[in-house]
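Welcome, and thanks for taking a look at this chain with us. Please keep the viewer open while you read.

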Amino acid sequence: MKTLIFNACIVNEGRKFNGYVVIDDEFIHEVGEGMPSVVAEDTTKIDAEGALLLPGVIDTHVHFREPGLTHKASIATESAAAVAGGVTSFLDMPNTAPAATTVEVVDLKKSIAAETSLANYGFFIGATNSNIDQLLAADYTSIPGVKLFMGSSTGNMLVDRREALDRLFSEFKGVIAVHAEDEATIAENREKIINQYGEDAPVAMHSQFRSREACMRSSQLAVEIARKYDSRLHILHISTADELSMLASGPLEGKRITAETCPHYLIFTAEDLNAERGYLRKCNPAIKEASDRKALAEALASDLIDVVATDHAPHLFADKQGSLFKAASGMPGVKFSLPLMLDMTLQSGALTVEQVVEKMAHNPAQLYGIDHRGFIRSGYYADLVLVAQTESKKITDADVNSHVGSADAQQLASPCDWTPYSGLHLSHRVLTTFVNGRVAFDGQYVIPANRNARALQFNAK
Ligand SMILES: [Zn+2]
């Protein structure tokens, strides 16, 4: 069974052209300009009417909360939001319950995803002070890499022993994805804030609590050790202009140190935590100043930063309430990340659509060696998204679960029914999302009956 998508504005590998894609079963059979010379008789034809046709987004940083935290979210609910946002593959972080610090828990997460995920999936294994042997023995054709919480205590995953870091960085050949915030600096800040404001300090002080110095110190240490051993370091969610000085510009290929940022660091500033519902924008690392936001956008355009991922971290609305030390950190992102980033291309002198595709599909695939995905190429999996530029429309909390349609799909509604982007306007809308050649989202509803997601395969390092 073949599908022809024609009259599309294809954006792929730095090019933008009017053309077509032929999908054969789960793969891209053909891609070209204009129309194909021959169209097989039983082909389903989709007129894209000039809409953008992009490789599906690969979100390399999500927290889908399963197992153990399913009161907040699950792989089913968040992968539904993902495909509704044009995200066709995700890499999930290990801070679940139990934490994915063993191959057994990674395999458990994979088995849950095999039953329920609407998008293709991969699961990081988390480093601890004591599991380096297990990490080194794991099979990295089915695991994207090691997640290292360097000086940020999440469960038992704070790796703060120098000998454990040295061993990991010197012996592990794959990608070490690092959350870099210095715990000692954060503890000092906490004490200062409590002395001055008490236990109920306002949430708007978050960027003084989890400060730029905390980011800088931890990133510097990670870079120092990575340079010493020539390790493959990927610094997650860069939030400060200061850290950019440690990065090199240019194409991903050949880089030993790469970096990610997230839409919320490109959209909000610390001021936005002072606004109405500001607590919803509390996340770690903290959102910093307007000057940081500007520098991060420029760093994306100049290729100092390689990847945009969401750090999608859903919480119940009730868990987000309260003061600085009470409100939960983290916010959801997968539903709106692609439209938000495409909207940024409408601002003068900002990113191009080609660059958005590079940071959200090509580079994620290349960085983790994801097999046959991330590009619109003949022989690659047909993970595709059609997106239209539309009239500007205000985002509301109701949009978060608006893709949950039929009665039997109610289990796809996320318990996290709010968005930090509520009130902003969007001028891009996802029309159709294909996962392995099948329509996972039709512009209105996610289609669970078409579920066709796979475990991602990673090329050997
Ligand atoms: Zn995260």
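Predicted model: local features only at pLDDT ≥ 70, side-chain atom pairs only at ≥ 80, totals over all residues.

## A residue to start from

Leaving aside residues up to four places away in sequence, Val83 touches Thr88, Leu118, Ala119, Thr433, Val435, Ala440, Phe441 and Val446. Val83 is also, together with Val21 and Leu53, among the residues with the most contacts inside the largest nonpolar core.

## The core

That core, the largest nonpolar one, has 148 residues. Helix H11, which covers residues 353-368, gives the most to it, with eight residues.

The domain assignment of the chain gives domain 1 as 2-53 + 379-450 and domain 2 as 57-368. Taken over C-alpha atoms, the centres of domain 1 and domain 2 are 26 Å apart. The contact takes 35 residues from domain 1 and 39 residues from domain 2.

Strand E1 (2-12), strand E15 (384-394), strand E16 (425-435) and strand E17 (438-441) are the elements that give two or more residues to the side of domain 1 that touches domain 2. Of these, E16 gives the most, with seven residues. Back at Val83, its contacts include Thr433 and Val435, and both numbers fall in the 425-435 range of E16.

## The three-stranded sheet

Next, have a look at an open sheet of three strands, with the order E6-E7-E8 and parallel pairing. Its edge strands are E6 (57-62) and E8 (120-123), each of which pairs on one side only. From one strand to the next, the twist averages 20°.

E6 and strand E7 (residues 87-92) are paired in the parallel sense over four bridges. Which residue of E7 stands opposite Val62? The residue is Asp92. Helix H1 (residues 75-84) lies across E6 and E7, and runs at about 140° to E7.

## The six-stranded sheet

There is also an open sheet of six strands, again with parallel pairing, in the order E9-E10-E11-E12-E13-E14. Here the edges are strand E9 (125-126) and strand E14 (307-308), and each pairs on one side only.

Inside this order, strand E10 (residues 145-150) and strand E11 (residues 175-180) pair in the parallel sense over six bridges.

## The chain as a whole

Stepping back, the secondary structure of the chain comes to eleven helices and 17 strands. The radius of gyration is 21 Å, close to the 23 Å that the globule rule gives for 461 residues, so the chain is as compact as a globular protein of that length. Along the principal axes, the C-alpha atoms fill a box of roughly 75 × 50 × 45 Å.

How much of the chain is made up of buried residues? They make up 55% of the 461 residues. Contacts reach across the sequence too: among those between residues at least 6 apart in sequence, 75% join residues at least 24 apart.

Notes: Residues numbered from 1 in each chain as written. Core = buried A, V, L, I, M, F, W, Y, C linked by C-beta atoms within 7 Å. Buried ≥ 20, exposed ≤ 12 C-beta atoms within 10 Å, placed from the backbone. Contact = placed C-beta atoms within 7 Å. Rg over C-alpha atoms; globule rule 2.2 N^0.38 Å. Pairing = 2+ DSSP bridges. Axes fitted to C-alpha atoms, helices over the stretch in contact; angles between N-to-C directions. Domains from an automatic or database assignment.
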